[in-house]
Structures are given as structure tokens and as C-alpha cells.
Amino acid sequence: MISLEEKWVKKWREAKIFEADPDPKREKVFVTFPYMYCNSGMHLGHVFTASHVDVYARFKRMQGYNVLFPWAWHWTGTTIVGVAERLKRGDMNQYRIFKDMDEVPEDILSKFIDPYVIAEYFTNKNRETVSLIGFSIDWRREFTTVDPYYKKFIEWQYLTLKRLGYVVKGTHPVVWCVNCSSPTGDHDRLIGEGVSPEEYYVVLFKCGEYYLAAATFRPETIFGATNVWINPDIEYIIASYEDRKIIVSKEAIEKLSLQKKDIKIIDKISALELIGKKCTIPIVNNEIIILPANFVKADIGTGIVYSVPAHAPYDLAALKDLKNKANEISIKYKININEILSIEPISIISTPGFGDFPAEEINSKLGVKNQNDIEKLEEATKTIYMKEFYEGITKNNCGEFSNLSVREAKEKIKDKLSEIGLGLCMYDLPEPVICRCGTKCIVKILEDQWFLNYSNEQWKNKVKDLLYNMKIYPEEARQWFLNVVDWLHDWPCARKSGLGTPLPWDKSWIVETLSDSTIYMAFYTIRKYLNEKGPIPIDKIDYKFFDYVFLGIGDVNQLAKEINVNPEIIKKIREEFLYWYPVDLRDSAKELLPNHLTFYLFHHVAIFPKELWPKTIVVNGMITLEGKKMSKSKGIFYLAKKAIENFGADATRCALLIAAEDMNDADWREKNAIDIKKTLDNFLELIKDFSNKEINEEIDEIDVWLLSRLQKKIKQITELLEKVKTKTALEIALYEMLNDWKWYIRKKKSKESSIYTKSSKEFIKTWIKLLAPYAPFTCEEAWSIIGEKGFVSLAEWPKIDEGKINEKIEFEEKYISIILEDVWNIKKVLKEVPEKIYFYCSSKWKRELAKFLIDYGLSKAIANSKNLIKETIKVFPERKNEIPKILKKLIDTLSSYNIEENIDIWKKIIDSEDEILKKNLKFLENELKCQVIIFSEEDKDIYDPTKKASASLPLKPGIYFSFAK
């Protein structure tokens, strides 16, 4: 179907239908998608998120809004530089990824040691893909983040933030790449996005002339310490720290040094020299033994931990492992076996929902087998830590720290340990982080580094004000944002390496990748003026220009004089910005919520007045491929261009969007794409068949039904798209409307009536419009086939006509469809073809009973089942023996129809049930391929050999199958 994409992309471009300029007579909608990195081909994850934006843009455009959907390319940071460096070093894995997954030709690949060649190549390739997938982009506003005009814009942004006090110089822990000599932000990482430095507290346990430095998140648990763990396979170092000799892992030395700790290596020490010795718990002053444990890692914390088996799942598992091998361990390390076997957990924290030994409870619940059961132990640890931290109270065995909340005890014990010189803070990463250059990162305490002051409470409160008042879809994402705002700390906004914009006041630093991508949406609005062919030369642009355009600061005439430009041009540029701003909708995947999307809000509230703050954020899930997480390193990757070639753009878009909604993850399945492609191809064939047919002006009940259903679909799809419920809206537009059309054809054929009616033409035309935001190429083709002028992309969005809604006819058809389904279910069980099928409609007293229940209220009837029988018998005393037998069945039947929403109509249908069946007799016979005979339970000449009539209920007739002898 590539030819179909190319055909309509060309027509759209020639007609410039997606180029949006200010129009005071029309309300605007400005939508954006986070610009993608150009270190790779566009993949299905990009398409999934961007398709949400495009569907919304196309929908609002058809509603008559003036819609702007621009696009740009992210070159900033070490993302692209990192892959170029890896190729320079001969990294064959990176070479293979480019060659096999991104399908880069050999002659081009040889030039990829230059990051600008990589960025330019993927920008060009991805631009083609964006067009072929059908995104309705205004390409006049395209730019890259190394564009000279964009760099001027970023300089203005940071001068403004610095002037406002939001960029500060300070000392903070950062994720650090030793090779790049720079902080490593989320998007500068190969592995570990979202991981931040976490504070450990190092507790010093005196052991002879040395101090074992044990790192913990929970210093409040020292009263429950039973032993210290070290790993026999780790290389330990004796180092001087202040006036003490401490023991830590070799890996911890570099981390402590980078965190401004005055630490010097003295000597090495073997774990074997320590295992079995005793050390003293600070504050508690009890002696405990040093024991071996494999779960202790050299590169986490200090490589030494103390054991609290009552409250720490890892410690409990390791202790049990040790006891199971107590004899072997005692011989190997020359430890008295009783010193191992006598260790018992010490309970020190009381927590609602847990007993004295929560580690034992949760390990048993999760089925933890041993200390190597990492996944379960991680889950157990997080559960207990959170529960105890927020709800725990220290017990009476915690000395002066007894009967305190865990949070309070933690801080007081830290203070006490620091006061007596037996504790210090350090930072570490809870998970591995790998820089784009391939280097494993650590934590460094940076001095004189530039930070965005996200910890500023006044700034946080402005963001919260925005979050409380803007639209966020789905609603559950709002609390995610608020949580991020609460814990967000100062953020290093510059690094020493990579592509991007130098800090305007310190050119040795480059604005990092997540810090130059926060308000660029404003640049979109004026990009068509700021370019090489624009009216303002690059050397004339400075902060004064952007101050006026974006903030209205300064005198336009004076500014025009300084930069030698007509003031009317500058006024026009500002007017364009004010027309489009604020951003009406921004959509991104949930992985960007803790960083990019939150930073987007911080920067907007910092720089712009309240009326220009963002209006709506949409957060969607990630995608998996055939149930597996996408990973280039594992070969799990799917180029968007490949999907277009295999299935077409529309099937690709639809297969992604129908897979998930809100923040749920979408699973890409090729089978689904194939099925949707067939459905769209059949849709086009249906349209071709319909075109050029003579239209029959006569209409009957099924035509009324079709247009009534259509009004409901218009209403549903419109309301869903307003809230970006793209999956549900697509299911209706693609499948439910197809089912309605199939039902319509079946009913028409049973009457031998023409399907080419005025009603069906209206349905088809509207169907094309409703599907157009999802499958623009198919729908443009369909629109032209039925002879409509112009583009369906610009056609008026359907409006509901309340006068065409006929609930009674809709419910009658629903009743018939359910009856058919009941019969087909019986036929599946019998596995024989009947000669005749008999339907038995219920008697009058049952119909009266059904209407009584409807008036009584089905919800009330279900809730008051005990009293219901008594109350019903009062109304129908002559049926007191029959009522208990059928009441529940009748309530279940009535409940399946959602009767309470349309009581009067359903009462009429119940009274005319036999008439409805007889009216549809020919249709039923066509569908069931046999003779159909309809009786009432009260008919005198009834044929009912198996007494099915007595089992009949209103809306659920008795059914009898008669087979040929």
C-alpha cells in the first residue's frame, strides 16, 4: 500500500492543508509530541505516542479548529556522540545494530564516526517515515536542536531562568560519568533511565583497631542488628577517614573520594581475616559476629552491611542459608557453630498489618527460597521498607529512641551517630547506570555546578497550582505528577560533552539534553520567521528579541531599530506566538513523566504568565513487541518504515492504537496488523461497491435503525476523542460500525430490499469521516471513490441529529440479535441441523410480572431479594407457587438488557414481543436456515412436545428444535 501513502502525502503537500497560520476568526488548537532523538530509525514506540497526537489533531481540524501540529529533531546531548564514539572504538555490537536493525547501508555506515553525519542521516530518514505514516505536520516549523536560531532561543531561556533565580550554582550529588567528566542525565544513558542518587548512611562498627563501614538505608534498625555481613569474594580495603581506619570494598573507595570524603588507602585486607571476629554496635554497644553472605555486592554501598533479620528480608534469607550450612561454615571459617545457630531475629518496630517478624511473614508469603531469590527479595524489601517507614513505631527496646515513628527515629539516630563520630552520609545508585559512551556511572558530589533549583518550594507550588487546574489524561497520572514534584531535587542542567547549546554565561558547559527540551514548543510558533531565509539575521538575535516576543518586555520600536528590522515584522512574530500559545495538548509516554513532562511544567510556570501555561497533558503507555520489551541489544526492535512497507500506514497506526489506552502498555502483534489491514482493504472494497449505485429513496425500519445507531456512534466517538480515549473510539469506528453495517445488510437481504438507500449513503459518508483520524489514507481514498470534493481530512466532523434517534427500533433489533445468539448457542451444543425451530413467547401474567419488577427497580430487587418474593406475591397472590421458581431468572434476563435506562420503551417491547418476532420471521428463517414457528404460551393450538412454553420468560422465549425423522 506504499503507493496509497505516497499518493495522498503528495496531494496533502501540494494543497498545503496542514500548514497552519493565525486566523482570528477560528479557534486554535496547538498540539505537540516530544521530538525524537536522531541516533536511530523511527520505531513503533514513536509511532504509538505520536499517533495519539495526530488522531487528536485530525479530529479537531475536522471540527473546524485551526490546528497546528509541528515537528522537530533532538540532536542534543551525548546520545548521538556516544554511538559515534563506540563506532570509533570498533564496537561491533553498535555496528551490527545500525546495519541489521536500522538498515543503514555500508557506505553510509563507514561515515558514522561523525555524530553530525548520524544525526543528519536519521533526521532525513525519519522525516520520510513521519510523512508516510500520515502525521499531519506543518513542516515549515521544523528544526533541530543544534540550529543556530534554536541555540539563541535556549540561551535566552537560561538567561531568563538565571535572572529569575531558578538556575543556581551549588553542591549536589549527581550521576557521574568518569569518562565524559560530566553529569549523566536520563537521556544520556544506555541503561538506568530514571535512576537517581540515593542517600545511604554508613554506620561504623568498631572491630579491634578498625571500623567496619556498613552502608544502610535504615540506620534506625541498629537496635535489631544480630551480625555484620561481608562477602568472602570481595576485595576489602583499609583506609584512613578523619582519625579512624575504616574497612570498605575496593569499589567504595572511588565513590567516597568523589563525594568529597578525605579518604586514603592504607592497605588491603582479606575477608577471611574478618569473618568470625566480633564488632561493636554503636549506641547499642553490644558485640555481634561478622559472617559471610553472597548477596553483599562490592559495588553497592560500601560492600558491607549489618544484619537485621526481623525486618530485612535479605538478611533473614541469608541467615537461614547460613544455618542450613552451619556445620560447613563453622569448619571453613573456624567459628563456633553455636554462635551461628544461636542468632535469632530481634523485633524492634511495630507496624500495622504485620506481626513481630515482618521479614518472616513476607518471605513466606512470596515463597522466598534463599538469598539468591533476588526478584522476590526486592519486592519483599520494598514492601516492608515503605510500610515501616510510613506507619512503623519503634518498640521499647530502642533505648532513648523508643516509641518514636520510624521517620523520626531515623533522623535522631543519624544525628546521634554523627555526633559521636560513628556515622557518615554517602550516596550511591540503587541500580546500574551506563552512560551513552559505555562507561558505568557512579555518584559524585559536584561543587560549583549549575543546577535547576527544582527543590525550590515556591517553584514547586506554582507547578502544583498548574497540575490542580489543567486537564490530565488519564486522571490517575495527575497524582504521579504531584508525587514527582514532591520528591524532585535540584537537577544538573549542563554537562561538559555532547552536542547542544553552551551556557551563555559559561561556555565550557553545554545545556544537557533534558534541560533544553522544556519550552521549545514556543519556538515552533515563530520558527517560520527565524531561519536562514527569514527576515531577521542570526547575528541580530539576542535576549531582548525573545523578551519582547515571548514576554512583551521592551519597546518594539527601539528593538526594531537595534536589529534593523521593520517593527511590524516583530509585532507580527509576537502576535503569532500569542495566537498559538498556550499548548493545548502534549502527549508523551509514561517513561517521560518523571523527567521531561514534569520539567516541561516547571519551566513554563517559571517563565510564562499563567494564561500561557499548558492546558492538557496526555500520558500513554509503552509498547512491547510480541509480548517482549523492546531492546535493540537483544534484537527486539521494529522500524516504523518496515511496518508501513509490510502492512501499510493505516493498519500500523490502528494496530498500535487499538492495543492499549491510557497508561496501559500496548503489545504490537503482527497478526493484529494483518487482520486490521484486511479489514481496511475490505472497507475500501465495500466503498467501491457502493459507489455509482443508484440510490433508493425508500426507507424502512432498518434504515431508521441504521441512522439511529449512527447518531449514537457519532456521540460516543466524539466524546471519547475529546478525552483522547483513542482505543475505545477506534473500536467503535472500525468494528462496531462494521457490525452495524453487516446487520443492516442481513436485514435488507431478508426483505430482498436494496442496500443502496439514502440512509445507507449517509451512514457510509459519516463512517468515512469517523474513521479518518485513524486511517487517513484509506479514508481519503474512500472519500474520493464516493465522489466527494476536497479532502476528508478537512471535511466537517459529523454532528449528532437527535431527531434521528429511535430507541424503540434499536431495542427491538437488540432483542432479535440476542434471540439469534441464544439459538446459535443451542445449535452448537446439539450439533444437528433442525428442520423447524419453535419460539414460545411468555404468557400475560409473566409480562405483567416483568413490568412490575421494572417499576419496582431491578437494582432494588437484587438488593432486597428476601423481601421481594413476599412483596411480589402480594401483587400476584394466585401465582404464589410459581413466583419463587422464576423470579431470579426473570431478574437476570431483564438485567441483561439495561432496562432501567429506558423503562417505558422496554415495557412496550415486552407487551409486543410476539409481534416483533413475527415481524422478523423471514429474517429469522434466513439466518437459521430452517422454518420458524412462533407461539404464545397461552395459544390453545400450541405445539409444545417438551413443555418449553412453560419455561418462557419475557424477553427470553422458550425454544424447541424439531429434527427431520
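Entry 1. Terms before looking.
I count two strands as paired if DSSP finds at least two bridges between them. The model I am reading is predicted.

Entry 2. Strand S27 and its partners.
I looked up alanine 589 and found that its bridge partner in S28 is asparagine 620. The chain goes from S27 through helix H21 (residues 593-607) to S28, and this β-α-β crossover is right-handed. S27 and strand S28 (residues 616-620) are joined by four bridges and run parallel. I then turned to strand S1 (residues 28-32), which two bridges join to S27, also in parallel. There, valine 31 has leucine 585 of S27 as its bridge partner.

Is S27 buried or exposed? I found five of the five residues of S27 (residues 585-589) buried, so the strand is largely enclosed by the rest of the structure. I noted a general point: in a regular strand the side chains alternate between the two faces of the sheet. In S27, Leu585, Asp587 and Ala589 lie on one side, Arg586 and Ser588 on the other, and all are buried.

Entry 3. Helix H23.
I checked H23 (residues 649-657) for burial as well. Nine of the nine residues are buried, so this helix is largely enclosed by the rest of the structure. I listed the buried residues, among them Asp650, Thr652, Arg653 and Cys654.

Arg653 turned up again when I looked at phenylalanine 135. Leaving aside neighbours within four places in sequence, phenylalanine 135 is in contact with Arg653, and also with Met42, Val47, Ala50, Ser51, Asp54, Phe69, Trp71 and Val130.

Entry 4. The nonpolar cores.
I looked up the largest nonpolar core and found 161 residues in it. Phe135 and Trp71 are among those with the most contacts inside this core, as are Trp668, Trp741, Phe839 and Leu894. Which helix gives the largest share of this core? I found that helix H26 (residues 726-750) does, with eleven residues. A second, separate core has 80 residues, including Leu488, Trp491, Val511 and Tyr524.

Two bridges join S24 to strand S26 (residues 506-511), and the two run antiparallel. I found three strands in this open sheet, in the order S24-S26-S25, with antiparallel pairing. Strand S24 (494-495) and strand S25 (502-503) are the edge strands, each pairing on one side only.

I looked at helix H24 (residues 670-690) and helix H27 (residues 758-771). Their axes come within 12 Å and cross at roughly 145°. The crossing in which H24 passes H27 is left-handed. On the H24 side I found Leu680, Phe683, Leu686, Ile687 and Phe690 making the contact, and on the H27 side Ser760, Lys761, Ile764, Trp767, Ile768 and Leu771.

Entry 5. Lysine 261.
Where is lysine 261 placed? I found it in the loop between helix H8 (250-258) and strand S13 (263-269). Leaving aside neighbours within four places in sequence, lysine 261 is in contact with Tyr241, Leu256, Leu424 and Cys425. From lysine 261 to alanine 215 the C-alpha to C-alpha distance is 15 Å, and the two are 46 residues apart in sequence.

Entry 6. The whole protein.
I noted 36 helices and 34 strands. The C-alpha atoms fill a box of roughly 110 × 85 × 55 Å along the principal axes. Of the 965 residues, 56% count as buried. Among contacts between residues at least 6 apart in sequence, 77% join residues at least 24 apart.

Technical notes: Residues are numbered from 1 along each chain as its sequence is written. This is a predicted model: local features need pLDDT of at least 70, side-chain atom pairs count only at pLDDT 80 or more; totals for chains, interfaces and linings use all residues. Side-chain values use heavy atoms; hydrogens and water are left out. Buried means under 20% relative accessible area, exposed over 50%, partly exposed in between (1.4 Å probe, protein chains only). A nonpolar core is a set of buried Ala, Val, Leu, Ile, Met, Phe, Trp, Tyr and Cys residues joined through side-chain atoms within 4.5 Å. Contact means heavy atoms within 4.5 Å. A crossover is right-handed if, with the strands pointing away from the viewer, the path from the first strand over the helix to the second runs clockwise. Axes are lines fitted to C-alpha atoms, for helices over the stretch in contact, and angles run from 0 to 180 degrees between N-to-C directions. A crossing is left-handed if the near helix is turned anticlockwise from the far one by less than a right angle, and right-handed if clockwise.
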